[in-house]
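Biologist: I'd like to go through this one with you. Can you put it up and take my questions as they come?

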Amino acid sequence: MKIIEAKDYQDLSKIAADYIINKVNSFPKLKLGLATGGTPIGIYKNLIADHQKNGTSYREITTFNLDEYVGLAGHNQNSYRYYMNHHLFDHIDIQKKNTFIPRGDVDNIQSECSAYEDLIQKHKGIDLQILGIGTNGHIGFNEPGTSFKSETHVVNLTASTRMANARYFNSLEEVPTRAITMGIGTIMKSKEIILLISGEQKKEALNRLLTGTVDESFPASALKNHPYVTIIADKAAIAGLK
Ligand code: F6R
């Protein structure tokens, strides 16, 4: 794993956005894997600013998001579909029909999972996957203990993940208890991965990732077996390295 050290969150967002923009310009049919949460928001702002200023086009780009809450329809402000439209897709020239996010509001969640996995494979996989990380090492919604071979599946969210995400909801009770997520096996099939780690609260996670063993109790450690991962971490996260 290669590490790029960013000064701060702004710098991390700019470095990651420039990398993506460069890829999009070089490969106009790129298949891009995207994440939600707090960390990528700065990247999406940079992508929008660049699109407006330099005209970088996403017309032929296809995107696959990592995850979605079970039970939330796309118009729900807390759904990841809403987040992606609001933070990125509505402001660039991407064709919405080429933006894929698991559906959380379907009757048959299991068949949604296998259909999503098939869809990614039908598109011959993800070229570049953007990831954030949870303080417990989760990637996507793959919590500690998830099999490294897992494909897209339904998860019961842990109390700590629900609490971390409660900031976006009116109350903790409103945070869904389940989500659909790409599996670790799905993520590992991506040709290239960028892992974003920002802030003091992630320093233990970065330290464990770099110094710990590869095992299922720390989901992000699977990435050590991937041939093409770049970590972009800011000084606040790097400060925890022992
Ligand atoms: C989001 C996702 C999660 C987040 C992680 C970090 O689609 O899959 O794994 O990347 O929870 O979230 P933030 O960036 O809010 O710290």
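Biologist: Which residues does UniProt list for "domain: Glucosamine/galactosamine-6-phosphate isomerase"?
Modeller: The unreviewed UniProt entry lists residues 10-224 for that domain. UniProt positions are given in the numbering used here, feature names are shortened, and annotations may be inferred rather than shown by experiment. Residues are numbered from 1 along each chain as its sequence is written. This is a predicted model, where local features need pLDDT of at least 70 and side-chain atom pairs count only at pLDDT 80 or more, while totals for chains, interfaces and linings use all residues.

Biologist: How many helices and strands are there in the protein?
Modeller: The protein has eight helices and ten strands. Helices (H or I, at least four residues) and strands (E, at least two) are DSSP runs, numbered from the N terminus. Over residues 10-224 the chain is 34% helix and 14% strand.

Biologist: What share of the residues is buried?
Modeller: Buried residues make up 41% of the 242. A residue is buried if 20 or more other C-beta atoms lie within 10 Å of its own, exposed if 12 or fewer, and partly exposed in between, with C-beta atoms placed from the backbone.

Biologist: Which strand do four bridges join to β2?
Modeller: That is β3 (residues 62-65), which runs parallel to β2. Strands count as paired if DSSP finds at least two bridges between them. L34 stands opposite N65 in β3. On another partner, two bridges join β2 to the parallel strand β6 (residues 128-131), where Q129 is opposite G33.

Biologist: Which residues does the "active site" annotation cover?
Modeller: The unreviewed UniProt entry gives D67, N136, H138 and E143.

Biologist: Take D67. Why is it classed as buried?
Modeller: Because D67 has 21 other C-beta atoms within 10 Å. D67 is in strand β4 (residues 67-69).

Biologist: What does E143 touch?
Modeller: Not counting residues up to four places away in sequence, E143 touches N136, H138, V155, T158 and T161. Contact means C-beta atoms, placed from the backbone, within 7 Å. E143 lies in the loop between β6 and β7 (153-156).

Biologist: What is the order of the open sheet of three strands?
Modeller: The order is β4-β8-β7, with antiparallel pairing. β4 and β7 stand at the edges, each with a single partner strand, so one side of each is left without a neighbour in the sheet.

Biologist: How many bridges are there between β7 and β8?
Modeller: β7 and β8 (residues 178-181) pair over four bridges, and V155 stands opposite A179 in β8.

Technical notes: Two residues are in contact if their C-beta atoms, placed from the backbone, lie within 7 Å.
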